[in-house]
Amino acid sequence: MLAFIVKRLIQSALILLGVSLITFALLYLLPADPVRQIAGRSATPETVANIRAQLGLDQPFIVQYARYLGNLVQGDLGRSYLQKTEVSTLIASRLPASLLLMLGAIVCELVLGITMGVVAALRRGTATDNALMMASFIGVSAPQFVVGLLMLYVFAVQLQWFPIGGYGTLAHMVLPSITLGILGAGWYSRMMRSSMIDVLRQDFIRTARAKGLGRMRVLLRHALPNAILPIIAMIGIDVGIFMGGIVVVESVFGWPGIGQLAWQAIQRVDIPIIMGVTLVSACAIVIGNLVADIASLFADPRIKVR
Amino acid sequence: MKKLLTTSALVAALGLPQFAAAESHSNLDPNAKSGGNITVTYKDDVATLDPAIGYDWQNWSMIKSLYDGLMDYEPGTTELRPGLAESYEISDDGMVFTFKLRDGVQFHNGRVMTADDVKFSLDRVTNPKTQSPGAGFFGSIAGYDAISSGETESLSGVKVIDDQTVEITLSRPDATFLHVMGLNFASVVAKEAVEAAGADFGKTAMGTGAFKLADWTIGQKLVFAKNENYWREGLPYLDTVTFEVGQEPIVALLRLQSGEVDVPGDGIPPAKFQEVMNDPAQAARVIEGGQLHTGYITLNVKMPPFDNVDVRKAVNMAINKERITQVINGRAVPATQPLPPSMPGYTEGYEGYAYDPDAAKALLADAGFADGFETELFVMNTDPNPRIAQAIQQDLSKIGIKASIQSLAQASVIAAGGEPDQAPMIWSGGMAWIADFPDASNFYGPILGCDGAVQGGWNWSWYCNADIDAMAVKADSMTDPAKVDERLKMWSDVYMKVMEDAPWVPVFNEQRYTMKSERMGGDDKLYVDPVSIPVNYDYVYVNDVQ
């Protein structure tokens with residue numbers, strides 16, 4: 001078990017190294033010059049050259065990358081080209097908001113997904129089942145940008161149940177969490193439905209019913225815990241999906257997370273920020289997958305470590 | 001003999017409207033109410049509030065309210081007025097400017113601002129270590145080259161005479177120098193605050209402006225609070241201005257409609273423009289004005305067939321500018337020349353190249369391209385630019401030119417334009433020239449002059465005409481205020497000569513549409529202030545206080 005975790009940690013470190021190399025190389029190859037963005041349009045070629053030298057961007061790729069890695073292992077992500085602020089400060093001030101949003105999305109996808117899946121499984125083949133599966137299909141396929149704007153328009157502007165975007169209270173969290181979680185909810189309801197149908201067919205359920213337990217009790221104590229296992233193991237993998245989704249959702253709802261930061265940095269070719277956010281996201285995905293693997297070990301003893 | 005140019009002497013000489021010595025009072029609005037807060041939204045977080053660094057239209061007006069420079073503009077206009085300088089003298093040869101500072105102006109920390117702070121600020125902005133995008137504007141100050149090459153850290157041309165007097169010597173005559181001193185880059189910063197904050201200075205602020213930075217929660221909001229000791233008495237009217245960032249323009253509009261937002265800083269989203277303008281209640285709160293902007297197509301004179309002036313003229317005649325303004329819901333007026341109509345020096349009555357596809361086709365045939373040719377049109381990939389490029393593409397196809405559209409990120413288009421052989425045509429939308437200061441010269445040097453036609457430059461048509469360059473230098477050497485009309489005439493001639501060579505297709509001049517909440521007051525011109533976009537925070541007020 002321990003050996004497995006250590007092995008996975010080493011693999012994770014290699015993955016992160018690979019991500020950093022690929023991202024750095026892509027940004028290096030980008031046909032856009034960050035120095036000219038910094039120097040502005042009134043700059044003379046000498047000023048541009050001077051700034052290029054100050055930032056070390058006149059060095060060969062391998063030197064630039066080695067220097068970046070050297071700083072990185074000391075925990076230094078560099079300073080933003082345009083804002084001049086430490087990238088770590090910018091990320092640290094925005095990461096909590098993103099994590100909070102992800103937490104909200106996880107709660108939302110679990111509650112919605114599991115409920116829908118269980119109900120559909122119990123009402124299998126009925127109109128309810130069809131309607132729920134249709135809803136989950138829409139949830140999986142609807143673009144988040146559109147869902148977000150629709151939610152804002154209906155629930156914030158028309159019904160005024162929630163604030164129109166922003167950050168701060170629990171009420172602010174509801175709409176963005178649902179928007180981000182709706183995709184997962186769609187997936188989970190389908191998984192939950194088939195997993196539930198599977199479990200309900202098992203012998204032990206029949207035994208439980210036969211020994212006189214009530215329907216609800218069988219459902220909650222015996223069926224649900226078994227059916228839910230594959231879903232719990234999936235949550236870690238969702239982190240990757242969320243990392244993509246927050247860029248859109250944060251933008252629609254004015255949520256001050258790292259997705260917004262990344263989006264603005266990309267538009268301005270602010271390489272240190274793009275690198276920093278990419279690495280932090282990659283870390284989150286790697287950790288999410290690691291947790292998912294370990295969780296499934298605990299959740300299902302049948303999985304063998306090799 | 002030196003001539004003393006006080007405020008009133010300046011306006012008399014420049015033919016500007018007269019204003020009294022206590023000019024700050026003449027601008028006070030008798031209907032204004034003091035107090036209250038307004039909420040302004042933006043999509044992007046504020047990059048920096050360092051006046052030496054900030055160079056986007058979002059932080060430009062913010063910095064204007066936090067800091068002051070020696071020169072300033074009459075609110076809502078392009079007229080210069082003294083700022084931190086109470087008065088100034090210009091030597092007869094126009095090479096030495098002596099600024100007398102106002103007495104007892106305090107920084108937000110309470111310290112009195114002196115001539116040393118002015119010197120410190122100018123040394124700082126020109127020092128290459130500061131990496132200021134505005135350093136180049138100060139090129140006419142003596143000693144600029146030495147500081148720019150890193151030989152020294154002090155501008156020899158800026159001398160502190162006493163606490164209240166600064167003398168600035170130029171290395172060449174520069175008729176735009178007072179405008180340069182009105183740029184944000186020339187703002188006076190407090191030395192101790194810069195040294196205390198180091199590289200993080202841009203996330204703080206310490207100036208003499210009408211507002212001070214009270215709070216900045218990164219990624220969420222900034223709060224500006226009234227500077228109670230502001231040296232322009234009676235200003236500002238508002239107690240606070242709250243900037244909420246990270247707000248999609250479309251969401252900002254919804255919030256404005258529900259009364260939560262006073263000014264959507266990014267303007268009315270294009271998709272909602274018609275809807276807003278067709279609703280009388282909303283349209284009444286939209287203020288329209290010109291801006292010092294020209295959208296143009298550059299034709300790379302180094303890349304055949306655009307090295308042929310007839311081909312460039314034919315392209316000019318082929319573009320239906322009227323129809324292109326319709327692509328952006330008529331939020332612009334067709335352009336005839338590089339300068340926008342509200343810029344001094346604009347040539348009235350010049351028709352430009354009229355839309356005439358038949359004549360264009362004939363001219364193209366005479367130039368030896370009867371069957372047209374294939375080329376590329378580079379364009380920034382955000383709406384509405386690709387749609388505008390399609391309209392241009394259609395117009396070109398009518399005279400046989402097949403242009404394929406290269407829709408790229410902004411930085412990539414700028415990079416391609418800065419190479420002599422990459423981009424035959426560029427539509428400037430999203431990167432177009434907006435004047436740094438309201439002077440005719442500002443549309444020439446970097447974008448049409450030989451200085452800009454270098455690798456990494458902004459002259460994407462690579463047009464370089466030594467005769468016109470000489471004329472431009474001559475015009476900018478005319479520092480005598482009495483010759484201001486002659487100078488503007490010369491600039492008008494410069495742009496007319498440029499049009500003869502047709503390196504650009506001037507397409508349109510964008511109009512500005514600022515939307516405000518019902519409770520906001522103040523003259524309409526404050527909402528289309530040419531130097532403070534979207535609004536001049538120092539002078540606007542709200543009606544629902546007191």
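Modeller: Start with chain B, where strand 7 and strand 8 form a hairpin with 2 residues between them. The model is predicted: local features need pLDDT of at least 70, side-chain atom pairs count only at pLDDT 80 or more, and totals for chains, interfaces and linings use all residues. Residues are numbered from 1 along each chain as its sequence is written, while chains are lettered from A and ligands numbered from 1 in the order in which they are written.

Biologist: How do you know that strand 7 and strand 8 of chain B pair?

Modeller: Strands are DSSP runs of E, at least two residues, and helices are runs of H or I, at least four, numbered from the N terminus. Two strands pair if DSSP finds at least two bridges between them. Strand 7 (residues 158-162) and strand 8 of chain B have 4 bridges, so they pair, in the antiparallel sense. One bridge links Val158(B) to Ile168(B).

Biologist: How many bridges join strand 6 of chain B to strand 8 of chain B?

Modeller: There are 5, and the two run antiparallel. Phe99(B) has Val166(B) as its bridge partner in strand 8 of chain B.

Biologist: Which side chains of strand 8 of chain B are buried?

Modeller: Val166(B) and Ile168(B) are buried, and they point to one face. Buried means 20 or more other C-beta atoms within 10 Å of the residue's own; exposed means 12 or fewer, and partly exposed lies in between, with C-beta atoms placed from the backbone. In a regular strand the side chains alternate between the two faces of the sheet.

Biologist: What makes strand 9 and strand 12 of chain B edge strands?

Modeller: They belong to an open sheet of 5 strands in chain B, ordered 9-10-11-2-12, with mixed pairing. Strand 9 (211-217) and strand 12 (263-264) of chain B each have a single partner strand, so one side of each lacks a neighbour in the sheet. Further in, strand 10 (residues 221-226) and strand 11 (residues 240-244) of chain B pair antiparallel over 5 bridges. Phe224(B) has Val241(B) as its bridge partner there.

Biologist: Which domains divide chain A?

Modeller: Domain 1 (2-73) and domain 2 (87-299); the bounds come from an automatic or database domain assignment. Their centres, taken over C-alpha atoms, are 33 Å apart.

Biologist: How do you know that the two domains of chain A touch?

Modeller: Residues are in contact if their C-beta atoms, placed from the backbone, lie within 7 Å. By that test, 14 residues of domain 1 and 13 residues of domain 2 of chain A take part. Helix 1 of chain A gives the most to the domain 1 side, with 10 residues.
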